Amino acid sequence: MSDDTIRLVTIGRIVRRRRRLLTLLVVVGALVGYGTSLLLPPRYTTSASVLLPGAWAERELLTQAQIATSSVVVDRTAASLGWSGVGGVQLREQVTAEIADGNIIKISGTADTPERAQRLSDEVARQFVTFAAEILGDKTDPGAVGSPEALRKLVEQTSRRINDLADSAGSGSSVESVQTRTELAKLRTTLQESMDKLDKADPSTEKAKLVVMGPAARPTGEAPPTRTQLVVAGALLAFLIAVVGHLSAARVSRRLRTEPEIAAALGSALLGTVDVPAEKSGRQPGSRGPRALVRRLLGLDIRWDVPLPRTSGDEESRQIRYRRVYARLQDQVPAPRRVLVVVPDGDEIALRAAGQLAAEAGAEPSPNAAGGGEPVLRTVAVSASQPMVPDRQDESGAVVVLSAGSWTANELAGIAEACADARHDVVGVVLAGTVSARPARSSGRSRKAAAPAAAVGGHATGGAE
């Protein structure tokens, strides 16, 4: 699993085999989301739209949107609303402005009630229009020399002065007076044209009149995140964390799964693989206590990181595998042909396989075995964390029976060192795997082999005399 690509079938396997744990975590996540919603007060949001007539550049619209949420506008809004304990600093976090299509600035206000949200949006829009009109109309300094209003007044004064000069020039009986009145008329026309151009060029004539496009609508629902969204988000987050946690644990797992890795860790050759029919419940027997009960209730006693057991043949075809492994073992050990079968403690699959192998040894003597007799198999279970193997007596070697994907390289190396300390040579490795058993065919050989298998038991020894 550590080097495999994560596929949908892996996710599906986690969901199927950890559905109880996932269901519990999803419920816990939903409760956490519900509790979070109780801590967060409900929020309501509504918007008021302000139209900016005329031609506006994109940069100018962005400037107006920033003005709408500026401290001046927000402070004026807070002063106008007069809410207790709510100032400009608090309102600045509840007001936003964005540019919409068609030179429209959308001002949004958020509050704890629909009425307050509506009033906040309307008041911010009104204060923004007022402040923008002051800026564009330059009402802050109407007497400035360079302002458009001052220029208009100067043009009007000059026009009146021209009229006074024309009246004082006489009735136009002389040539000089006619020329003077003509020049003054031309000057009046030029001033009038300049004033018209000034009116057209003045941005305040087309941009100062911002329009609020109606009152903000009263919100009918809470602003995100709502209580339902928090509950769903908590449940989904808990599910994702559980799945990612399973995948991460599988990727960092150092349990050996392939035959070459296991054989190399034990420093011996692989004698073969045998099949063990899967338990009907798929659970590992032998677990006791409250902790084991909780694991069973949550489905943690079922391995999820192994594929589903493949379908094997009948009982006779499985016994053929045991006979072939036993025949290879006969070729590996010399006389007096006693063999120690080492099984890691807690590996129930391997223990069942060792019992079946011992039963096969007692049920089917092999006339082709060198040394004149069949190996007598003695099964012992050793701890993987602190392995201790009985000292060698008259055994010709040890064979390790285990299941793939259950033990790390260090644990298997420890078992091999324990065998070496007890002066046992590891003559072979047998891998046991679970399969979905088919109904056994009725045969004399099957019934004959089944009896010794029942006699071997958990840690008993089996053999042929």
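Guide: Let's start with a term: buried means under 20% relative accessible area, exposed means over 50%, and partly exposed is in between, using a 1.4 Å probe and protein chains only. The model here is predicted, so local features need pLDDT of at least 70, side-chain atom pairs count only at pLDDT 80 or more, and totals for chains, interfaces and linings use all residues. Residues are numbered from 1 along each chain as its sequence is written, and side-chain values use heavy atoms, leaving out hydrogens and water.

Visitor: Why does Val-28 count as partly exposed?

Guide: Val-28 has 40% relative accessibility, so it counts as partly exposed.

Visitor: Where is Val-28 found?

Guide: Val-28 sits in helix α2, residues 19-39. Helices are DSSP runs of H or I with at least four residues, numbered from the N terminus, and strands are runs of E with at least two.

Visitor: How do you know what span to expect for α2?

Guide: Take 1.5 Å times one less than the number of residues. With 21 residues, α2 reaches 30 Å from first C-alpha to last, close to the 30 Å expected.

Visitor: Which residues of α2 are buried?

Guide: They are Leu-21, Leu-22, Gly-29, Ala-30, Gly-33 and Ser-37.

Visitor: What makes β1 and β3 a pair?

Guide: Two strands pair if DSSP finds at least two bridges between them. β1 (residues 44-51) and β3 (residues 104-111) have eight bridges and run antiparallel, so they pair.
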